[in-house]
Amino acid sequence: MTRWAALPAIAAAAVLGLFLTWGAGAAVRPERPPAAPISASTTTPTGSSVLFAMGHFDSAENTFWELFLRPAGSSSWVLQTPPGVASNGGLVVAASPSGQWTVGFLVSALLKFSPLAQSADEGAHWSPGELPFPLTSAPDALAVGSTDDVLALVSPGGRRVLQTSGDLGAWRTVTTTGALAAAAPTCGVQGVTAVAYNPAGQPLVGLRCAHGVGILSGSGASTWHDIGPSLGSGAASVTRLVSTPDGVAGLAQVQSGTRAKVVGFWGNGSTAGWAGSASLTVPAGWSVKATATGGGSGQGLAVLLGSGEQRRVEVVAGPGASWVALPPAPRGASAVSDIGTEVDTFVVAGSHLAVWASRGGSGWTRSASITVPVPYGSSS
């Protein structure tokens with residue numbers, strides 16, 4: 001099935017009509033696209049996902065975001081981008097504890113809301129849904145709980161969190177940035193940047209704060225509690241927030257003056273007790289290109305740093321561990337995934353993908369070479 005094949009029937013007939021019109025090749029030229037999220041990977045006990053862009057990066061309508069999945073126990077990445085909707089704007093993915101994958105499409109071209117797709121069989125079949133507003137451009141803008149409740153962070157600016165109980169077409173607002181500001185007065189809330197569920201099934205939100213790192217736990221429609229963590233001063237933004245077999249883990253980027261740092265953190269997601277990693281300083285002229293969660297025994301985190309074509313991967317195994325630099329990564333790598341004792345990086349050249357693996361902290365070995373059927377011209 002091609003990217004532009006029609007999805008199964010959706011409750012809103014107008015939405016399906018839009019999909020089919022695009023599938024017929026209607027001439028739609030994108031407006032200025034929103035900034036896509038940085039590439040992201042998530043590993044759970046049932047499998048791993050990774051998202052990154054492919055195609056002609058000098059042309060917005062010929063740049064497509066792709067989803068690759070790797071079931072637990074497998075050594076192969078498989079292209080599983082849901083068909084039927086243009087992925088030019090970017091993708092966001094969330095995994096449920098049972099192994100169900102939920103994918104959200106960021107807006108692009110004339111699309112003003114975010115279609116969704118959900119699969120319980122590693123991408124072999126997808127069921128459609130929709131958000132009434134654009135999904136926020138953030139790696140963890142979607143979260144799925146143990147009872148298949150779904151949280152969604154919608155734009156503009158991460159201002160509203162929606163929730164549904166299994167029906168991907170029936171959403172309700174659970175909180176807004178304005179409502180959260182009163183619950184975290186010391187944070188100086190500037191926006192919501194991530195959503196997750198803790199092991200007890202309570203929703204969590206990660207914040208962009210003027211002062212420190214902010215995470216709030218929700219115990220009701222209007223009751224939110226600031227649960228920390230305290231990871232230093234300065235403006236900070238939670239960039240990753242995910243459930244793990246032992247609780248919750250995440251990454252925050254902290255800006256102190258001209259220095260940018262990355263900090264990992266772990267906790268149970270319901271109280272203010274957190275463990276933080278040492279700070280990883282981002283060198284001047286470098287930036288975070290990609291992130292990964294769930295490595296090692298499930299609490300590992302990884303970041304891909306880049307400057308020009310230079311790349312470097314730093315990993316941290318869990319609470320109390322230090323950041324470890326792996327050998328210099330392949331030039332131009334655009335994503336990283338942390339799976340057990342293996343770390344993968346992904347190098348894209350048009351429709352060609354090279355996967356490089358580092359096992360046990362060793363050097364990089366090419367483990368796969370894949371040609372992806374990028375649908376050039378289908379969005380113009």
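**View 1. Arg-70, a buried partner in a salt bridge.** Arg-70 has a relative accessible area of 6%, so this residue counts as buried. The model shown here, as in every view below, is predicted. Which residue pairs with Arg-70? Look for Asp-344: the two form a salt bridge, and their closest N and O atoms are 3.1 Å apart. This pair joins distant parts of the chain, because Arg-70 sits in strand 3 (residues 63-71) while Asp-344 sits in strand 27 (residues 342-349), 274 residues apart. Asp-344 is buried too, with a relative accessible area of 1%.

**View 2. Arg-359 and Glu-342, a pair between two strands.** Here the side chains of Arg-359 and Glu-342 come together in a salt bridge, at 3.6 Å from N to O. Arg-359 belongs to strand 28 (residues 352-359) and Glu-342 to strand 27, so the pair ties together parts that are 17 residues apart in sequence. Is each partner buried or exposed, or something in between? Arg-359 is partly exposed, with a relative accessible area of 46%, whereas Glu-342 is buried, at 11%.

**View 3. Four residues in one network.** Now put the first two views together. Arg-70, Glu-342, Asp-344 and Arg-359 are linked in a network of salt bridges.

**View 4. Glu-314 and Arg-312, another salt bridge.** In this view, Glu-314 forms a salt bridge with Arg-312, and the closest N and O atoms are 3.0 Å apart. Glu-314 counts as buried, because its relative accessibility is 6%. Arg-312 is partly exposed, with a relative accessible area of 24%. How many salt bridges are there in total? The count comes to five, and the pair of Glu-314 and Arg-312 is one of them.

**View 5. Gln-299, a buried loop residue.** Our last stop is Gln-299, in the loop between strand 22 (287-295) and strand 23 (300-307). Why does Gln-299 count as buried? Its relative accessibility is 18%, and buried means under 20%. Which residues does Gln-299 touch, leaving aside those up to four places away in sequence? They are Thr-244, Asp-246, Trp-266, Val-316, Ala-317, Gly-318 and Pro-319.

Conventions: Residues are numbered from 1 along each chain as its sequence is written. This is a predicted model: local features need pLDDT of at least 70, side-chain atom pairs count only at pLDDT 80 or more; totals for chains, interfaces and linings use all residues. Side-chain values use heavy atoms; hydrogens and water are left out. Helices (H or I, at least four residues) and strands (E, at least two) are DSSP runs, numbered from the N terminus. Buried means under 20% relative accessible area, exposed over 50%, partly exposed in between (1.4 Å probe, protein chains only). Contact means heavy atoms within 4.5 Å.
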